[in-house]
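This report walks through sheets, helix packing and contact surfaces in turn. Keep the structure open while reading.

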Amino acid sequence: MLSNPLIQTTNLKKYFKTSSGMLHAVDDINISIEKGQTLGIVGESGCGKSTLGRTILRLLPATSGNVYYEGKDILTFNNAEMKAMRSKMQIIFQDPYASLNPRLSIRQIIEEPLKVNKVFGDKAKSDKRILELMDIVGLARRLANSYPHELDGGRRQRIGVARTLALNPNFIVCDEPVSALDVSIQAQILNLLMDLQDSMGFTYMFITHDLSVVRHISTHIAVMYLGQIVEYAKSHELFDDPKHPYTKALLSAIPIPDLAYRNKPRELIKGEITSPIDPKPGCRFAARCPYVSDRCTAKNLSLRDVGSGHTVACVLYEE
Amino acid sequence: MKKIEDKEILLNIEDLYVQYDTNEGTAYAVNGLNFSIRKGETFGLVGETGAGKTTTALSILKLLPQKVGKITKGKIEFEGRDIVKLTEDNMRDIRGSHISMIFQDPMSSLNPVLTVGDQIAEAIQTHHPDLSNDEVEARVDSVLQLVGIPASRKNEYPHQFSGGMKQRVVIAIALVCEPKLLLADEPTTALDVTVQNQVLDMMSNLKRTFDTSMILITHDLGIVCQMCDNVAIMYAGEIIEMGSVYDIFDFDKPHHPYTKGLFGSLPSLQVDSNRLKPVSGLMPDPMDLPPGCRFNPRCECCFDLCTKEAPSVFTNETHSIKCHLYGKTKAGEIQC
C-alpha cells in the first residue's frame, strides 16, 4: 500500500442497468495514486476505463465503494462541498472536436471555469490569467478571439488543456487525450503534459489504449479487462516482466517499427472482448486465454502480490 | 517462389497531380507522384492527415468527388492501360473486380439494412451476372469462411457483428472477385490491438493465397514495418522518401528530416526516453503550399536553397530521398 495517496478508491463499482441485465462497467476497483505520479490505465474499448475515470471524478454516480481524495471520501460530499472539490480534480477529454463549444471563442472557453467559480472579481485580472494560460500551453495570444473550428486538432487539444489548468487542479484525469491526433502532434501534446507535471507537480490518471504512449508517460500501470484490473505494476516492470496472459497478449499484439521484429511470429489471441452484462464468476479473460483450465472459472480472483508491489489476478500465480 | 523485385509491374503512377477546386480556393492535394507496384507486392503509403494518401487511392479508382476533385496531370497505368483516360463504364468493370478498396471505418462502409450475405452477393452479381443464385450463394459461403466467419451468419445484419467481424465482412466484399490490386485505407485504425493483430494476420495470409498486390495506407509505422515490402512516405502531396522496408527502417541509412521526425514522435516500447523529439509545427495548408521544399518551414536543417527551389530526387539503388541535403551534395556530406 502506498503511504500517502492523493487519490484512492476502495471496492469502487459502477453498474449500468440495461434491458438485458446489469452491465458491470467498473467492478471492484482498488487503486491509489501518489502525489506527482502518473497512473496509466490501459485496456481495449469497452473495458470500462473511461467509466472508471468519470466515476472517480463523480461525473457518474458510483454504484458502491469509496473514492478518497487526501483521505476524504468525496462520494459522501454534498453539492456545495463537491463544487469546491471539482476545481481540484479536472479532466481532459478525448475528442478535441466534440469537447469544445463551437459557439464560444477560445478566450470564452478558457474563461468559463473562472467565471463559474467566481475566481476573479474584475475582467482585467481574468483576461490576464487567460493569456497566461495560453502561454503555458503554447497557444499564440493572437488566437484568443478565434473559434475552435478555425484551429487544427493539436491546437484544440491545447485549449482543452488550458481550460483544465484554469482552476489550478492537483489531479487530472486524461481520457485518451492524444488518440485523435496525428503522431507528430500527439508527441507535442505528450511533451506538454509531461512538462506541466514537472513544473506544477500534477498527479495524472492517464487513460489510453495505446501501450507505447502509456509506457512513455506513466510511473505505474493498471491493465483493465471487462471492468476489472488484471495486473498492476510499475511501468518498466510491467513491460519487462508481464505476468497476466492478457497483458502478454496485448504487448505482443503491438506492431513494432523495428526490422528485428519483422517476420517474427506473434502470439495471436482468439476472439474479442465478451459482454460485460452479468458476467459469470471466475476470470473474465478465460474464454480467450490460451492457458485456460477448470480452475479459471471456479471462483472469482483477486489481485495477488507477486513481488515488490507487482500484482496480478490469474490462477497461474496462485499458490 | 519468385522474388517481388523480379515480378512484373501491375500499377505504375507517373507524375500525378490532383487538385480540389473549392469555394475557398484550390487545394493542391497530390503534387507530382511517381511510384509503381509489382504483382504480389505490399506497398505502404505513410503520412499524417492531409498528406494526400487517401486522395491517391481515390484517384486510382477514379472516385474523387465529382466536379470538385480532378486529376490535372499524369498517368495511372494499370496492367498497361491508363486509368485516367478510361470512361466511367470501363471504370465500373475495373472497380470491385480488378481493383477494390477497404475503407477505414467498417461501421459506416456497410449498409445497415441489408444482410452481410446480400452485400457480398451484390459484388459477385455485379461482376458475374451469368452466375446462378446457387453459385453466388456458394461463393458467399466460401469467402465468409475464408475471412473467418461461419457461413451460417450470412443472414445476419451488420449491427449484429462486432467491429472486428464487420471489418472481416468488408474485406470479404473486397476480395470476393479476386482483385489484382487491393487498396486498404487504414484498415485497422478503428480496431483494438488484439483484433487488429488478427485482421492483419488474416490479410497477409489471403494476400499470399491470391497473390494480390496491396497498397496499405496507414500512419502506423509499426504496421508498415511488419506488413510491407516497399514504403513511400508522403508529405503535402509528394513522396519525400521511398524505398524497401529495409531502407526505410534502417536507421544507419540517410533519411529525410521529416522521416526522422516521424520516428522521433513515436514513444518506444523498448527504450526509456525522457521526452519525444517530434517535428515542430503543422502540415502546410494545401491551398497555400510554401515555395521550394514543402517541408522547409518545419525543417531543422533548412538552408537558403530549400526556400527557393524544389529539391530533386536523390536515388541510391532502391532508396530515394527528395531533399537538398542529399540531392545537391554527396550522400552524407551535410550532416544535420
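In this predicted model, chain A holds an open sheet of four strands in the order β2-β1-β4-β5, paired antiparallel. The edges are β2 (21-34) and β5 (72-73) of chain A. Each has a single partner strand, so one side of each is left without a neighbour in the sheet. Strands of a sheet pair through backbone hydrogen bonds, either parallel or antiparallel. Five bridges link strand β1 (residues 5-18) of chain A to strand β4 (residues 64-69) of chain A, in the antiparallel sense. T10(A) stands opposite N66(A) of β4(A).

Chain B also has an open sheet. Four of its strands run in the order β2-β1-β4-β5, and the pairing is antiparallel. β2 and β5 (81-82) of chain B are the edge strands, each pairing on one side only. Strand β4 (residues 69-78) of chain B is joined to β5(B) by two bridges, and the two strands run antiparallel. E77(B) has D82(B) of β5(B) as its bridge partner. Helix α1 (residues 53-60) of chain B packs on this sheet. The helix touches β1 (9-22), β2 and β4 of chain B. Its direction makes about 70° with that of β2(B).

The table gives their geometry.

| Helix pair | Angle | Axis separation |
|---|---|---|
| α5 (153-165) and α6 of chain A | about 20° | 9 Å apart |
| α3 (106-116) and α4 (123-137) of chain A | roughly 115° | within 10 Å |
| α4 (116-127) and α5 (133-146) of chain B | roughly 120° | within 9 Å |

How do α5(A) and α6(A) lie relative to each other, parallel or antiparallel? Their packing angle is about 20°, and they are therefore roughly parallel. The crossing of α5(A) and α6(A) is right-handed. On the α5(A) side the contact uses G153(A), G154(A), Q157(A) and V161(A). These meet I185(A), Q188(A), I189(A) and L192(A) of α6(A). By class, the contact of α5(A) with α6(A) has four nonpolar residues, four polar and no charged.

The pair α3(A) and α4(A) crosses at roughly 115°. This crossing is right-handed. α3(A) brings R107(A), I110(A), E111(A) and L114(A) to the contact. α4(A) brings S126(A), R129(A), I130(A) and L133(A). The contact of α3(A) with α4(A) divides into four nonpolar, one polar and three charged residues.

In chain B, the axes of α4(B) and α5(B) cross at roughly 120°. That makes α4(B) oblique to α5(B). Their crossing is right-handed. The α4(B) residues in the contact are G117(B), I120(B), A121(B), I124(B) and Q125(B). Those of α5(B) are V136(B), R139(B), V140(B) and V143(B). Six nonpolar, two polar and one charged residues make up the contact of α4(B) with α5(B).

Now the domains of chain B. The domain assignment gives domain 1 (4-235) and domain 2 (253-327). The C-alpha centres of these two domains of chain B lie 28 Å apart. Across the boundary, 12 residues of domain 1 of chain B are in contact with 11 residues of domain 2 of chain B. β2 (25-38) and β9 (230-235) of chain B each supply at least two residues of the domain 1 side. Which element gives the largest share of that side? β2(B) does, with five residues. By class, the domain 1 side that touches domain 2 of chain B has seven nonpolar, three polar and two charged residues.

34 residues of chain A are in contact with 34 residues of chain B. On the chain A side, the elements giving two or more residues are α6 (183-200), α7 (211-217), α8 (235-240) and α9 (245-253) of chain A. α6(A) gives the most, with eight residues. The side of chain A that touches chain B divides into 17 nonpolar, nine polar and eight charged residues.

Definitions and conventions. Residues numbered from 1 in each chain as written. Chains lettered and ligands numbered in written order. Predicted model: local features only at pLDDT ≥ 70, side-chain atom pairs only at ≥ 80, totals over all residues. Domains from an automatic or database assignment. Contact = placed C-beta atoms within 7 Å. Nonpolar A, V, L, I, M, F, W, Y, C, P; charged D, E, K, R; others polar. Axes fitted to C-alpha atoms, helices over the stretch in contact; angles between N-to-C directions. Parallel < 35°, antiparallel > 145°, perpendicular 65-115°, else oblique. Left-handed = near helix turned anticlockwise from the far one by under 90°. Pairing = 2+ DSSP bridges.
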